[in-house]
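Good morning, and thank you for making time for this presentation.

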Amino acid sequence: KGGPQFSLELQVRYALIGTLIVVGVSFDLLGLVAFRALRTTINPLKPDHASALVTSGVYRVTRNPMYVGVMLLLFAWGIYLSSLLSLAGLPIFVMYITRFQIQPEERALENIFGEEFSNYKKRVRRWL
């Protein structure tokens with residue numbers, strides 16, 4: 001194992017990992033279900049193909065539940081590895097995905113949905 005490690009009592013470690021996995025997968029699945037319910041694209045590489053602005057369900061809590069879900073799964077992985085380096089990578093993931101995926105998505109949604117998306121951005125946080 002590379003880099004600095006940390007230790008947690010085994011029961012605490014597994015409880016934390018299990019909770020992060022359940023919550024992370026739930027965010028991912030709830031995001032997908034909301035997209036499917038409105039029959040809009042789930043392809044993050046083609047946000048300009050969005051046919052509906054999803055603002056219900058988990059999208060009332062965060063504008064990016066699927067990225068939140070991935071972040072929580074990465075957090076669980078870092079706990080599993082007991083690696084401080086892995087956990088230090090979380091802010092890098094957030095900054096990277098915000099800059100190179102979320103911001104371009106937001107520009108596309110702003111172009112498609114205009115004021116409706118602007119109002120949504122004012123009500124709901126980008127992450128949590």
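This is a predicted model: local features need pLDDT of at least 70, side-chain atom pairs count only at pLDDT 80 or more; totals for chains, interfaces and linings use all residues.

Let me begin with a definition: a residue is called buried when its relative accessible area is under 20%, exposed when that area is over 50%, and partly exposed in between. Glutamate 105 has a relative accessible area of 12%, and because the limit for burial is 20%, this residue counts as buried.

First, the overall architecture. The protein chain contains 4 helices and 0 strands, and along the sequence the pattern reads α-α-α-α. Taken along the principal axes, the C-alpha atoms fill a box of roughly 50 × 25 × 25 Å. The chain has 128 residues, and 37% of them count as buried.

I turn now to the salt bridges. How many does a search of the whole structure find? The search finds 3 of them.

One joins the side chains of glutamate 106 and arginine 63, with an N to O distance of 2.5 Å. This pair links distant parts of the chain, for glutamate 106 belongs to helix H3, while arginine 63 sits in the loop between H1 and H2, 43 residues away. Are these two partners buried or exposed? Glutamate 106 is buried, at 9% relative accessible area, and arginine 63 is buried as well, at 12%.

Glutamate 106 also meets arginine 126 in a salt bridge, at 2.6 Å from N to O. Here again distant parts of the chain are linked: arginine 126 is in the segment after H4, 20 residues apart from glutamate 106 in helix H3. Arginine 126 is partly exposed, with a relative accessible area of 26%. Taken together, Arg63, Glu106 and Arg126 are linked in a network of salt bridges.

A further salt bridge is formed by glutamate 110 and lysine 121, whose closest N and O atoms are 3.4 Å apart. Glutamate 110 lies in helix H3 and lysine 121 in helix H4, so this pair ties together parts that are 11 residues apart in sequence. Glutamate 110 is partly exposed at 27% relative accessibility, and lysine 121 is partly exposed at 32%.

Next, the largest pocket. Its space amounts to about 430 Å³. The lining consists of 23 residues, and those nearest the centre of the pocket are Phe35, Tyr59, Arg63, Glu105 and Leu109. Two or more lining residues come from each of helix H2 (65-81), helix H3 (84-113) and helix H4 (115-123). Which element gives the largest share? That element is H3, with 4 residues. By class, the lining is made up of 16 nonpolar, 4 polar and 3 charged residues.

Two of the residues nearest the pocket centre have already been mentioned. Arg63 is one of them, and its side chain is also a partner in the salt bridge with glutamate 106. Glu105 is another; this glutamate lies in helix H3.

Let me move to the surface. Ile21, Val25, Leu29, Leu32 and Ile42 form a nonpolar patch there, with about 360 Å² of accessible area together. Valine 25, a member of this patch, belongs to helix H1, which covers residues 10-37. Valine 25 is partly exposed, with a relative accessible area of 35%.

Finally, I would draw attention to two backbone angles. Arginine 39 has a phi near 50°, a positive value in a residue other than glycine. This arginine lies in the loop between H1 and H2. Serine 82 likewise is not a glycine and has a positive phi, of about 55°; this serine lies in the loop between H2 and H3.

Thank you for your attention.

Definitions and conventions:
Residues are numbered from 1 along each chain as its sequence is written. Side-chain values use heavy atoms; hydrogens and water are left out. Patches are made of residues with over 30% relative accessible area and no salt bridge: like charges are joined within 9 Å, nonpolar side chains (Val, Leu, Ile, Met, Phe, Trp, Tyr) within 5 Å. Accessible areas come from the Shrake-Rupley method with a 1.4 Å probe; for residues, only the protein chains shown count as cover. A salt bridge is a side-chain nitrogen of Lys or Arg within 4 Å of a carboxyl oxygen of Asp or Glu. Buried means under 20% relative accessible area, exposed over 50%, partly exposed in between (1.4 Å probe, protein chains only). On a 1 Å grid over the protein atoms alone, a cavity is a set of points where a 1.4 Å probe fits but cannot get out, and a pocket is an open set with protein on both sides within 12 Å along at least five of seven lines; lining residues have an atom within 4 Å of a point. Grid points are joined across faces, edges and corners, and a volume is the space filled by probe spheres set on the points. Ala, Val, Leu, Ile, Met, Phe, Trp, Tyr, Cys and Pro count as nonpolar, Asp, Glu, Lys and Arg as charged, and the others, Gly among them, as polar.
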